[in-house]
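Keep the viewer open as you read.

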Amino acid sequence: MSGAGHAVEHRVGLPEMETNPNRSGCCNPVKKSGPVTMDHVLLALRETKEERDVRLRSLFNFFDATNTGYLDYAQIEAGLSALQIPAEYKYAKDLLKVCDANRDGRVDYQEFRRYMDDKELELYRIFQAIDVEHNGCILPEELWDALVKAGIEIDDEELARFVEHVDKDNNGTITFEEWRDFLLLYPHEATIENIYHHWERVCLVDIGEQAVIPEGISKHVNRSKYFIAGGIAGAASRTATAPLDRLKVVLQVQTTNARLVPAIKKIWKQDGFLGFFRGNGLNVVKVAPESAIKFYSYELLKNVIGDFKGGDKGDIGPAERLLAGGIAGAVAQTAIYPLDLVKTRLQICEGGNAPKLGVLTKNIWVQEGPRAFYKGIVPSLLGIIPYAGIDLAAYETLKDMSKTYILHDSGTFFSFLLFIISLGFMI
């Protein structure tokens, strides 16, 4: 892996359990993508319900070394440390949080069992998605294709190390049992990006000091794809709502008879159909940098706040998220405000002889000076700071709640739905 230096691999997985010798080889009871059940998981593992019960009880007892009948933070951390998962990754805290359904700080066997049921179903779904040949094993080329589709660039040597680490029987393919053992105790959503990041963190350690791999998307992820996708989505949404935006501005500047139907007729009479889209070009131009600046600033500020508190960005609460979101919104608004002002000036021009963008911009610069591009920024910031703060903080808080209380099995879809709703409000 580029930048990894000399590395030592530690095989991280579940404690050794008694296995069924008949489970070797591949088994894939679901030949097509679609809903899966625990029966499918049992068939894929060639395991009976009773055998699975014994396995899960043994794993619980592995963590419950003192036979207290429940798991607390200290026991989970000790168990993960015994599996060579470093404490600084804070998987113990996250695992406790996702298992502890009643929020009493302890995990009893039923809560532990519920997490295991949900996690194995989740892991089987993504296993099915990667196993495009549906032969019950993930081939190296299938894993490579899945990583590339997720925007992760990986060379042959790194791919071989990835497969070798998960492939316990060293036959060159990954069975679902091997896949499950590698990820069962991973407390976060099992997306291909998160799985790759997990492998980076727990399997590659620099000699002499702990390798520091940043949170978030791996350095191998092609970020431009996300910016392009965000820009296209933002441009589409801006264009779809452009007539409403034009109407809003026209109504805001009218001092008398500010009524909707007359305003629509006036725009249609003076400018025709395209009049409803005046200024939309600037809207489309500014949406991508505005979103990029806002989200980058938000993630950066979360890291700063986390470092200040002596933890990481995952430890900050709603109040800190509100603060980070508000400041990030202010930074983004300040950066794109000149575009917003020019767009508004274009929209309030009456008649069919609206000035060209370049002419209008030049006139503002010559006649009013460069400071004119920031007229009205103070009330704008007073509005955007609480707006962006609430929007970003609410999105992350609701996403965390959804993983704990609502759709543990469908975290990807629900997180995506929350993001679309949130993005709609921001745009």
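**Where helices meet**

Start where H7 meets H8: Phe162, His165 and Val166 on the H7 side touch Glu178, Trp179 and Phe182 on the H8 side. Sort the residues of this contact by class and you get four nonpolar, one polar and one charged. Keep in mind that what you're looking at is a predicted model. The axes of H7 and helix H8 (residues 176-183) come within 9 Å and cross at roughly 95°. An angle from 65 to 115 degrees counts as roughly perpendicular, and therefore H7 and H8 are roughly perpendicular to each other.

Threonine 173 sits in it, between helix H7 (156-166) and strand S5 (174-175). Is threonine 173 buried or exposed? Its relative accessible area is 15%, and buried means under 20%, so threonine 173 counts as buried. Leaving aside residues up to four places away in sequence, threonine 173 touches Cys137, Ile138, Leu139, Asp167 and Glu178.

With residues up to four places away in sequence left out, tryptophan 179 touches Leu123, Ile126, Phe127, Ile130, Ile138, Val166, Ile174 and Ile195.

Now zoom out to the core. Which residues have the most contacts inside the largest nonpolar core? They are Leu143, Phe176 and Trp179, in a core of 54 residues. Helix H5 (residues 109-130) gives this core its largest share, 10 residues. Apart from it lies another core, with 14 residues, including Leu341, Ala372, Leu381 and Ile384.

H5 also packs against helix H1 (residues 38-45), at an angle of about 70° and with the axes 10 Å apart. That angle makes H1 roughly perpendicular to H5. On the H1 side the contact uses Met38, His40, Val41, Ala44 and Leu45, while H5 brings Asp117, Glu120, Leu121 and Tyr124. By class, this contact between H1 and H5 has six nonpolar, one polar and two charged residues.

Next, the rings. How many aromatic pairs does a search of the whole structure find? The search turns up 16. Take phenylalanine 60 and phenylalanine 112: their ring centres are 5.4 Å apart and their planes are at 65°, so this pair is edge-to-face. The pair links distant parts of the chain, with phenylalanine 60 in helix H2 (residues 49-63) and phenylalanine 112 in helix H5, 52 residues apart. Phenylalanine 60 is buried, at a relative accessible area of 1%, and phenylalanine 112 is buried too, at 3%.

A second pair brings H5 and H8 together. Tyrosine 124 and phenylalanine 176 have ring centres 5.0 Å apart and planes at 85°, so they are edge-to-face. Since tyrosine 124 lies in helix H5 and phenylalanine 176 in helix H8, the pair ties together parts 52 residues apart in sequence. Tyrosine 124 counts as buried at 0% relative accessibility, and phenylalanine 176 is buried with a relative accessible area of 2%. Both rings belong to one aromatic cluster, formed by Tyr124, Phe127, Phe176 and Trp179.

Leucine 360 has 10% relative accessibility, so it counts as buried. Leaving out residues up to four places away in sequence, leucine 360 touches Val342, Arg345, Leu346 and Pro355. Look at valine 342 in particular: leucine 360 and valine 342 are 18 residues apart in sequence, and their C-alpha atoms are 7.6 Å apart in space.

Finally, step back to the whole chain. Its secondary structure comes to 16 helices and six strands. Of the 427 residues in the protein chain, 44% are buried. And among contacts between residues at least 6 apart in sequence, 68% join residues at least 24 apart.

Note on methods: Residues numbered from 1 in each chain as written. Predicted model: local features only at pLDDT ≥ 70, side-chain atom pairs only at ≥ 80, totals over all residues. Heavy atoms only, no water. Helix = DSSP H or I, 4+ residues; strand = E, 2+ residues; numbered from the N terminus. Buried < 20%, exposed > 50% of the residue type's maximum accessible area, 1.4 Å probe, protein only. Contact = heavy atoms within 4.5 Å. Core = buried A, V, L, I, M, F, W, Y, C linked by side-chain atoms within 4.5 Å. Axes fitted to C-alpha atoms, helices over the stretch in contact; angles between N-to-C directions. Parallel < 35°, antiparallel > 145°, perpendicular 65-115°, else oblique. Nonpolar A, V, L, I, M, F, W, Y, C, P; charged D, E, K, R; others polar. Phe/Tyr/Trp six-rings, centres within 6.5 Å; stacked < 30°, edge-to-face > 60°.
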